[in-house]
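User: Hi! I'd like to learn how to read a few features of a protein model. Could you walk me through this one?

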Amino acid sequence: MKKILVANRGEIAMRVMRTCREMGIKTVAVYSEADRNAPHVRYADEAICLGPAPSNQSYLLGDKIISVAKELGVEGIHPGYGFLSENAVFAQQVTDAGIAFIGPKPHAIEMMGSKLAAKEAAKANNIPLVPGTEEAIEDPELAKKIALEIGFPILIKASAGGGGKGMRVVKNIEELDEQMERAISEALSAFGDGSVFIEKYVTSPRHIEIQVLADSHGNVIHLFERECSIQRRHQKVIEEAPSIVLTPELRQAMGECAVRVAQLCDYVGAGTVEFLLEDNTNFYFLEMNTRLQVEHPVTELISGVDLVKQQILIARGEVLSIQQEELKILGHSLELRVYAEDPTNNFLPSIGKLSTYEIPKGTGVRVDDGFEEGMDIPIYYDPMIAKLITYGKDREEAIQRMLRAIEEYHIDGCETTLSFGTYVLQHDAFVSGNFDTNFVNKHFDPETLKQSNEGEAQLAAQLAAYLMDNNKQQAVETVDSNNKSSKWAARRWS
């Protein structure tokens, strides 16, 4: 495999291309008009424009991507995540074109892409499941009957869903009709499939996922867990590995379950099996993501395994060179997704131009990004700017390193989730490990964060004005060195 096309954009495209370069593999970037000057376009050995900015006119054009790949002599296509990464039809078309799809087989994508099919397969293999329906449901009266049997609260979920779309929590029977209608409508709009099912809503779960690797020779291993409980709108913002609450026995049990899930769908490549953990003891299979996850770097750092490299080796037909017994957890890692969102305004998107963009550096700090200073954040795609990842010998060191990295990460031109990261990492619930997926609802106070941000901005503005009119060195020396905004203002004006 001497040339790979990366059918994605931004930080994941850069991530894949860097590993390709280390392996001596040439890369092809595809891009939309909105990404014409993006780093991944310049980094690749070749780059082809797919079309206008909207993804349905560019990044989702599977036929055009395959045509480009054939024209340029590409031997493998890496789909990254999002876009076409979990599209079984595209995976089959790539394979039929004589090109290696760097991901699972189409039948595995199809089986695990349907939550109902995945639940049915899991149940047949004695994988623990949250109580709920085993078939799609559309009749509100039948839904009411089932909900009463399960007991409220319940969760309505889109069968073909993901990312929190088509998902509704129903607290009582009076809400059921309206929430059912909304879930079906949202599922149709997002996935073209309005089928939904009902589950018992686990009120205080932790979200734990297990990374798996499987080759085409029947070998399957897991690379431990990631804790993904800090979420907003059912989407992850902060992840860490390992989880603070898993015992060695629970880790082994969940890892073995994840391996069985991969085996039952004849999985090949890198994938993630997701679980809900209740009361830190009982776990339930949630779904399988048949692709590389956004948060894969934390697993790489605690395991020492380059997951993208393993994906490519597996796609080349090689046997896994890693044995389960060889793997050990080494240290602790955290990831903060740096979104162009305003956490003080319900995490609404905050699109703008990156007038200032300087990333943190130093020991144990990794930034996966696809932006540079002066670039616009396109309105057409996910608003994630970067992933900030830290690593330490233990959880405390990883947290302190993340706090330092957030302080050194300077972004102007839009609001970001950096301040939210500081809020979470300094909160007693997070530090103690006593949190679940309801952290934002239980512990996050947007007003407190807003006042803190406004106070820092005011101090920075006052300092900037002072520096313009007075001796700069004297001003810098009088600044509280622990205040990041004042330090930032001092440095920008000195």
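User: Is Asn 289 buried or exposed, and why?

Analyst: The general idea is to compare relative accessibility with a cut-off: under 20% means buried. Asn 289 has 8% relative accessibility, so Asn 289 counts as buried.

User: Which residues does Asn 289 touch, leaving aside those up to four places away in sequence?

Analyst: Glu 86, Tyr 267, Gly 271, Thr 272 and Glu 274 are touched by Asn 289.

User: How many of the eight residues of S13 are buried?

Analyst: Seven of the eight, so the rest of the structure largely encloses S13. As background, side chains in a regular strand alternate between the two faces of the sheet.

User: How many bridges join S12 to S13, and do the strands run parallel or antiparallel?

Analyst: S12 (residues 269-278) and S13 run antiparallel, with seven bridges joining them.

User: Now a sheet. What is the order of the strands in the open sheet of five?

Analyst: Reading across, the order is S3-S2-S1-S4-S5, and the pairing is parallel. Strand S4 (residues 76-78) pairs with S5 in the parallel sense over two bridges, and Ile 77 stands opposite Phe 101 in S5.

User: And the surface: which residues make the nonpolar patch of about 310 Å²?

Analyst: That patch is formed by Ile 351, Ile 379 and Tyr 380. Tyr 380 lies in the loop between strand S18 (365-369) and strand S19 (384-392). Because its relative accessibility is 45%, Tyr 380 counts as partly exposed.

User: Last one: what is the mean pLDDT of the chain, and where is the pLDDT below 50?

Analyst: The chain has a mean pLDDT of 91, and 91% of its residues reach 70 or more. Over residues 477-494, however, the pLDDT is below 50, and this stretch has 35 contacts in the model beyond near neighbours in sequence. Where pLDDT is low, predicted coordinates should not be read in detail.

Note on methods: Residues are numbered from 1 along each chain as its sequence is written. This is a predicted model: local features need pLDDT of at least 70, side-chain atom pairs count only at pLDDT 80 or more; totals for chains, interfaces and linings use all residues. Side-chain values use heavy atoms; hydrogens and water are left out. Patches are made of residues with over 30% relative accessible area and no salt bridge: like charges are joined within 9 Å, nonpolar side chains (Val, Leu, Ile, Met, Phe, Trp, Tyr) within 5 Å. Accessible areas come from the Shrake-Rupley method with a 1.4 Å probe; for residues, only the protein chains shown count as cover. A salt bridge is a side-chain nitrogen of Lys or Arg within 4 Å of a carboxyl oxygen of Asp or Glu. Helices (H or I, at least four residues) and strands (E, at least two) are DSSP runs, numbered from the N terminus. Buried means under 20% relative accessible area, exposed over 50%, partly exposed in between (1.4 Å probe, protein chains only). Contact means heavy atoms within 4.5 Å. Two strands pair if DSSP finds at least two bridges between them. pLDDT is the predictor's confidence in each residue, from 0 to 100.
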